[in-house]
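Hi,

Here is the structure I promised to pass on. Have a look, and my notes follow below.

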Amino acid sequence: MIRKLFDKYHSMSGRLRATFWFFVCSILQRGISVITTPIFSRLLTPAEYGQFSVFNSWLSIVSVIVTLNLSAGVYTMGIVKFREEEKVFTSSLQGLTLTLCFIWTVVYLVLRDFWNGLFSLTTVQMLAMMLMIWSGAAFSFWMTTQRNQFRYRLLIAVTLVVSVAKPGIGIYLVRHAQDKVTARILGLAFVEVAAYTGFFVVQMYRGRKFFSARFWKYAVLFNLPLIPHYLSNSVLSAGDRIMIQKMVGEYQAGIYSLAYSISQIMLMVNESLNKTMSPYLYQKIREKDYKAMPKVVYPSLALIGFANLILIAVAPEVMAVFAPPQYYDAIYVIPPVAMSVYISYLYLCFAPYEFYFEKRKWTTIGTLTSAVLNIVLNYIFIRLFGYYAAGYTTLVCYLVNSAMHYYFMRKVCREYLDSIKPYDPKILLSITGVFMAVGFIYIPTYQNRIARYSLTLFLLIILFLARGKVIPLVKGIFKKD
C-alpha cells in the first residue's frame, strides 16, 4: 500500500506535486495554530483572549489600508503580464510596500494617542502590528513567486519552522509575562520579522529596483478600485469581534472569538480547495470550457458542506477540548459561522468571472454592500441579543454577498459569453439548502446527546448507502481536465 502511494507520488507531474505540497503548507499553517488553541485558551482569560482576537481583527483591516493589498491580485497578475521584468517588478512592489508602511507608521506616531484610543491598543501593540503588516506582505510576495514557479521545498521548510515557532515562543512569553496579550503579540511579531525579512532582502537584491514610476503607478491604479472590496472582506470576517468588544465587552469578545476560531478550522479545507480550484476555473474560462466547471464545483461544494456538518455535529465535544467550561455557551455560535465558511466558498466559485473580465467595480459593489449590511445588522442585533447575534448576522451577510456575486457572474455571462449559464441554480440551491437545513437541525440537539448522536448516525447511514455516487464525485474534484 505504502509502496503504491510512493509510486503514485513519483509519477505525478511537477505541477501536481507542487499543488500537493502547497496543500500541505496550508494544513501546516492552520493545523498547528488549531492544535495550540486549547493551550492559549487556558493561558489567557476570556477577556485577554478577546483582546488578542480584536488585535488580529484590526490587523486584517489595517493591513489592507496600509499596503493596499499589493501582494494579492495585482502582484499575481503583474508577474504574468511583466514576465520578462518579473524581478524588477517584484523588487519595486516590495519597495512601494515598505514606503507605504513607513509613511503610515509616521502618521501613527504623530497621532499616537488618537489611534491608540480608536483601536483600544497600546503603542507597543500598534508598532508590532505595523511590523507584522510589512513582514507579512514581504513574505506574501516571495510565497507567490514560489507558487508561480512551482517551487515548494523551501516554502515547506519555512512554513514548518514559522508554524512551530509562533506558538512555541508565544507560549513561553505568555507564561512569563505580566501583560500576556502584549507578550502573545510580540511573539508573533518577532517570529515573522526574523523569518521573513530575508525574503525582502533577497528579492530587492535580485530586482535592484526600489522605485519604478511605471510599476508603482500600475500597481496603485490596479488595486485602488479593489480596496473597498478587500476592506469589506476583512470587515465581513473580522468586524464582528471589534463590535462585540466595543458594544458588549472583551470577555464576550473572547468567548465569541474562540467559537469563531473553531469554526474557522474548516477554512483549511476551503483554502486548500480554493488554491487548486481557482487556477482551474480561470483556465476553463480562458479555454471557454464552461461545461467542465460544474463537474468539479458541485462535488467540491458538497465536500465543503459535509466537512462543515461534521464540525457542527461535534461542536460540544470540540469546545470541551479547546477551552475550559466558561467558553461552553459559545457552541451556539459555531453552526452559523461554519455555514458562513461554506457560503464564502460558494462566492469563490462566482468571483473568477468578475476578475477575469476585470469587472472590479461589480466586485467592490457586492462585497461593500455586504460589509455595510454586516455593520448595520451587528449594531442592531448585538444590542438586542448579545454576542450570539453576530454569528447569524455574519451568515446573512455572506448569503447576500454570494447572491450578489452570482448576479454579477450572470451579468458577465450575458455581456461577454452569449448568456451561458455556468452553474444550474437549482443544483446550487439544493446543495446549499440541504446543508443549511441539517446544520440548523443540529442546534437544538446540543442539549441532548442521544438525539445528536442518533441524527449523526442516521446521516452517516445515508452517506454509506449513497457511497456509489459520492466516491466518484469526490474523485472528480482531484481529477480535473
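Are α16 and α18 roughly parallel or roughly antiparallel to each other? This is a predicted model, in which local features need pLDDT of at least 70 and side-chain atom pairs count only at pLDDT 80 or more, while totals for chains, interfaces and linings use all residues. Residues are numbered from 1 along each chain as its sequence is written, and side-chain values use heavy atoms, without hydrogens or water.

Back to the helices (DSSP runs of H or I, at least four residues, numbered from the N terminus). The axes (lines fitted to C-alpha atoms over the stretch in contact, with angles from 0 to 180 degrees between N-to-C directions) of α16 (residues 334–356) and α18 (residues 388–416) come within 8 Å and cross at roughly 15°. The two are therefore roughly parallel, a label for angles under 35 degrees.

Next, the cores. A nonpolar core is a set of buried Ala, Val, Leu, Ile, Met, Phe, Trp, Tyr and Cys residues joined through side-chain atoms within 4.5 Å, and buried means under 20% relative accessible area with a 1.4 Å probe, protein chains only. The largest one has 79 residues, of which I262, M319, Y353 and Y423 touch the most other members. A second, separate core of 30 residues includes F55, M130, V181 and A189.

Finally, G50 sits in helix α3 (residues 46–67) and counts as buried because its relative accessibility is 0%. Its C-alpha atom is 7.2 Å from that of I255, 205 residues away along the chain.

Cheers

Conventions
Angles under 35 degrees count as roughly parallel, over 145 as roughly antiparallel, 65 to 115 as roughly perpendicular and the rest as oblique. Buried means under 20% relative accessible area, exposed over 50%, partly exposed in between (1.4 Å probe, protein chains only).
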